[in-house]
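Me: I would like to learn how to read a model like this one. Please take the features one at a time.

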Amino acid sequence: MIVGESIEDYNAREDVSSSKLRTLLAQGPLAYREMYIDRSFVPKRTAAMKKGNDFEDAVCGRIEVAVVPEGMKLSTKAGIAFKKENEGKLVVGAADAGLFTKGVGNVRRKMEEYGFLTDVVEQPTFRAEYAGLPGIQARPDWWTPGLNCAPDLKTTDRLDRFHYSVEDFMYHVQCAFVRQASGIENTRHAFVVVEKKYPFPCRVVWLHEDYVRDGMELMKRGLDKLASHYQNDTWPLIEQDSITLFPPERTRQHLHLGRGNEDDLSRSSFADI
């Protein structure tokens with residue numbers, strides 16, 4: 001475990017991380033090579049990514065938050081003076097004030113309640129060798145040694161739909177990388193999830209061991225695929241440039257009407273097909 005490595009140094013390495021593997025699977029081998037080997041394409045840091053990083057910094061206390069007073073515009077004389085007075089702080093507008101005050105408080109209380117902050121290590125780096133690749137690496141938000149747990153902070157629009165994000169963003173593969181790179185077989189994985197709107201409810205979502213194992217299987221298949229690209233030095237734009245499309249497995253009525261009319265097929269002349 002490496003403590004204190006900057007995110008810039010972490011990202012500069014060629015070791016494979018879960019986010020890099022997701023690029024391979026979602027955007028193809030050529031995109032992977034250009035982004036992480038040749039470095040000829042640098043993806044832009046989105047506003048959502050910056051907001052997520054700022055929120056994590058606020059939760060960890062790495063930065064102090066200054067909320068812009070209601071009605072103040074930062075372009076005015078008073079606003080410019082406010083920014084100067086709070087130089088070095090994270091200046092947050094009224095729209096995000098609740099998340100960065102009440103939301104941050106809810107997350108901290110939840111983490112304390114579950115013991116995640118006891119002897120916690122912030123943003124450690126784990127690395128390990130992997131056959132055919134420069135290596136693999138993982139950087140969880142926290143590592144709590146006493147629990148063998150890697151808590152990770154997530155925000156969501158709705159708590160009851162967070163489970164879709166696990167699949168969409170391959171969070172189970174992210175957990176697999178922590179386990180593989182750390183060499184600790186019995187790691188536990190908890191997402192501290194906060195809703196992005198008032199009253200900013202927060203919940204701990206534990207990833208079941210079966211889900212972690214699914215992530216391990218998907219991770220290893222993806223890493224082996226990537227290793228073959230390294231070995232053969234072949235980096236196609238897309239894996240399959242020609243496919244055959246079959247009709248979906250549903251009734252012909254649904255095929256013609258679409259999902260929006262599934263409840264009442266009799267309204268259409270297609271009902272008797």
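Reply: Start with how elements are named: helices (H or I, at least four residues) and strands (E, at least two) are DSSP runs, numbered from the N terminus. The model is predicted, so local features need pLDDT of at least 70 and side-chain atom pairs count only at pLDDT 80 or more, while totals for chains, interfaces and linings use all residues. Residues are numbered from 1 along each chain as its sequence is written, and side-chain values use heavy atoms, with hydrogens and water left out. The protein chain has ten helices and nine strands.

Me: How do α2 and α3 pack?

Reply: Axes are lines fitted to C-alpha atoms, for helices over the stretch in contact, and angles run from 0 to 180 degrees between N-to-C directions. Here the angle between α2 and α3 is about 145 degrees, with the axes 7 Å apart. The contact (heavy atoms within 4.5 Å) is made by S19, K20, T23, L24 and Q27 of α2 with P29, A31, Y32, M35 and Y36 of α3.

Me: Which residues of α2 are buried?

Reply: Buried means under 20% relative accessible area, exposed over 50%, and partly exposed in between (1.4 Å probe, protein chains only). In α2 the buried residues are S18, K20, L21, T23 and L24. Their cover includes α1, α3, β5, α8 and α9 (209-232).

Me: Why does S17 count as buried?

Reply: S17 counts as buried because its relative accessibility is 6%. S17 sits in the loop between α1 and α2. Leaving aside neighbours within four places in sequence, S17 is in contact with Y10, Q137 and F177.

Me: Which side chain makes a polar contact with that of S17?

Reply: A polar contact is a pair of N or O atoms within 3.5 Å; within protein, one must be able to donate a hydrogen and the other to accept it, and residues adjacent in sequence count only if both atoms are side-chain atoms. For the side chain of S17, the partner is the side chain of S19, at 3.1 Å.

Me: How much of the chain is buried?

Reply: Of the 273 residues of the protein chain, 38% count as buried. The C-alpha atoms fill a box of roughly 70 × 55 × 40 Å, taken along the principal axes.
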